[in-house]
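Reader: Could you walk me through this one, starting with the charged side chains and then moving on to the sheet?

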Amino acid sequence: MSDQPHVLFVTVDQWPAHLLGCMGHPDIETPTLDMLARSGTLYRNCYAETPICIPSRRSMMTGLTARGHGDRDFQPALRMPAKAQTLAGAFSAAGYQTGAIGKLHVFPPRDRIGFDDALLAEEGRGHLGGPDDYEMFLADRGHPGEQFTHGMSNNEYGWNTWHLDDDLHVTNWTTRTAARQIKRRDPTRPGFWHVSYTHPHPPLVPLQRYFDRYARRGVADPLQSDWSAETAAMPALLRSVRGYYAALPPAQLADTRRAFYALCTHIDHQIRLLIGTLREEGILDDTIIVFCSDHGDMLGDHGMFGKRLMYDASANVPLLVIDTRRHDRIGRNATSDRLVALHDLMPTMLDMAGVAIPEGVEGSSLLAPDTRDHLYGESQSGAKATRMIRDRQHKLIWYPAGNRFQLFDMMEDPREQHDLAADPAQAETLEKMKTLLRGHLYGSDLDMIEGDRFVGLPEPADATPDNRGLSGQRGFHYPQVPASDPSVAVGSA
């Protein structure tokens, strides 16, 4: 048996940091993750600097920022940068057996990006090539092409309960497949297992029994704010985001949140089976565990849904790190408020495992001293662009379309309900944050500043979206979905 530790890297999709019991959420049930937080360190200020699926996963897998790996928009046909060694490639080169189970969201979909093997559940992206292992599993069980016959969209906030047998749910498939991979490991080598759950990302299709546990209780209302009280006064991009999805009456919105919470709790309970597998295999104490999300979801807060935004519900993600062998490096029952980004995960896991960090990695290992005093965030380009600077106390958000700014005091106002950008008492802070932001701009963003001045872009006219495609609604997937242009993003506008 190698002296090197095993590594279990668990990711979820679209799970905000605040949706954990250990983060003080009043409604969510996450007993497994809460216990893991007591066994390790909870990082409260981990950010998806580009809170969109593909860019975030590229950062996790390369240790690079969006500027380094080349995607701040969502480019489904973009290959991994040739110059970058991936997280899996670094572990493989160090003698690890490496396996991915669940969602990778790379192109082409069967690119293993350094993993020895990948068993994929890619949310019905057969039009990009395949095959998809989870959809093959459904076909083997007598349900070819029926993954989406519940009728819900991958990018909308209607909900339904899961339509097939419970054991066919993708969350259960991911857990069972991962546990088998752990059991089938080469006992002479350390293992790196990346277990990537596709939920709570829509479609919102929880098991009936998990929805029922939330249906019996009330749930807190979404956050409101002074700056979002009137849609017409909001920046153009926010008006567009708010207008894209239909406003839900309070009772329906409460059920949408219940369905989302149910998907989270289901995953939390399934992670228990991974822990149990490690324990029964006798390797739990020799396994580093890292849990994180690729981004969050507004889920009705401030009247908005989805990701891509720089508010904490969208960009602040949960991060738990557990290393039972070395509590001197990663504390037990500890919390940390250091500013962390997704591109820090690769150097952290390699460092913890004693594997050399490749040259060119931009992230910082969490085992190193905390020297970062601010984080830069960027999402999309042109009229859809959002840029952020977050220091230890304040957050500045810039919307180039219309050249609008928002400023929040994250210590006094962690829920971002009070915009201070127009407050004369905050003028000095505003200018300091703008100076920090200018220093990070590159590429086409430089056309939106003149010297020390932000000039932005003209504000586009509001338009009612034509969403006849129902935000990328899937259909029947048997016969196989025909191939389509992989460079065309499918989903929300």
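Author: Counting a salt bridge as a side-chain nitrogen of Lys or Arg within 4 Å of a carboxyl oxygen of Asp or Glu, we get 35 salt bridges. Bear in mind that this is a predicted model, where local features need pLDDT of at least 70, side-chain atom pairs count only at pLDDT 80 or more, and totals for chains, interfaces and linings use all residues. Residues are numbered from 1 along each chain as its sequence is written, and side-chain values use heavy atoms, with hydrogens and water left out.

Reader: What is the general idea, and which residue forms a salt bridge with R79?

Author: Side chains of opposite charge can pair when their charged atoms come close. Here R79 pairs with D111, with 3.6 Å between the closest N and O atoms. That pair links distant parts of the chain, 32 residues apart: R79 is in the loop between α3 (66-69) and α4 (87-93), and D111 in the loop between β4 and β5. Helices (H or I, at least four residues) and strands (E, at least two) are DSSP runs, numbered from the N terminus.

Reader: Is R125 buried or exposed?

Author: Buried means under 20% relative accessible area, exposed over 50%, and partly exposed in between (1.4 Å probe, protein chains only). R125 has 14% relative accessibility, so it counts as buried. Its salt-bridge partner E123, at 2.9 Å from N to O, is buried too, with 5%. Both belong to a salt-bridge network that links D13, R57, K103, E123, R125 and D294.

Reader: And what about R329 and D323?

Author: They form a salt bridge with the closest N and O atoms 2.7 Å apart. R329 is partly exposed at 25%, whereas D323 is buried at 2%.

Reader: On to the sheet: what is the order of its strands?

Author: Two strands pair if DSSP finds at least two bridges between them. In this open sheet of eight strands, the order is β5-β4-β6-β1-β7-β9-β2-β10, with mixed pairing. β5 (117-120) and β10 (334-336) stand at the edges with a single partner strand each, so one side of each has no neighbour in the sheet. Inside the sheet, β4 (residues 97-102) and β6 (residues 191-200) pair in the parallel sense over six bridges, and A100 has H194 in β6 as its bridge partner.

Reader: Which strands does helix α6 lie across?

Author: Contact means heavy atoms within 4.5 Å. Axes are lines fitted to C-alpha atoms, for helices over the stretch in contact, and angles run from 0 to 180 degrees between N-to-C directions. Helix α6 (residues 170-183) lies across β4, β5 and β6, at about 175 degrees to β6.
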